[in-house]
Amino acid sequence: MIIEQAKGILAERHGIDLGTAFTLLRGHARQHGQRLADLAAAVINGNTTAIELLPSAPAAKPRK
């Protein structure tokens with residue numbers, strides 16, 4: 001239930017679909033060794049946003 005609420009919050013606030021919201025949650029939790037339910041609670045409480053869940057952009061390659 002808590003994960004569904006977090007997915008809905010992310011989807012509504014950031015204009016993404018529920019599948020994308022879940023992918024962001026799951027990926028971030030895995031990368032940071034967090035429980036998915038704990039991350040979902042942080043989203044619901046406003047302590048985590050979609051921007052924080054996005055994977056970091058790849059480093060720019062130096063020009064030759």
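Biologist: Which residue forms a salt bridge with K7?

Modeller: First, a note: this is a predicted model, where local features need pLDDT of at least 70, side-chain atom pairs count only at pLDDT 80 or more, and totals for chains, interfaces and linings use all residues. Residues are numbered from 1 along each chain as its sequence is written, and side-chain values use heavy atoms, leaving out hydrogens and water. A salt bridge here is a side-chain nitrogen of Lys or Arg within 4 Å of a carboxyl oxygen of Asp or Glu. The closest N and O atoms are 3.3 Å apart, and the partner of K7 is E4.

Biologist: Is K7 buried or exposed?

Modeller: Happy to sort that out! Buried means under 20% relative accessible area, exposed over 50%, and partly exposed in between (1.4 Å probe, protein chains only). E4, at 48%, counts as partly exposed. K7 has 12% relative accessibility, so K7 counts as buried.

Biologist: Which residue forms a salt bridge with D38?

Modeller: D38 is partly exposed at 41% relative accessibility. The closest N and O atoms of this pair are 3.2 Å apart, and the partner is R35.

Biologist: Within what arc do the buried residues of α3 fall?

Modeller: Helices are DSSP runs (H or I, at least four residues), numbered from the N terminus. In α3, residues 36-44, the buried ones are L39, A40, A42 and V43. They line one face of the helix, because seen down its axis they fall within an arc, taken from the directions from the helix axis to the C-beta atoms, of 155°.

Key. Helix = DSSP H or I, 4+ residues; strand = E, 2+ residues; numbered from the N terminus.
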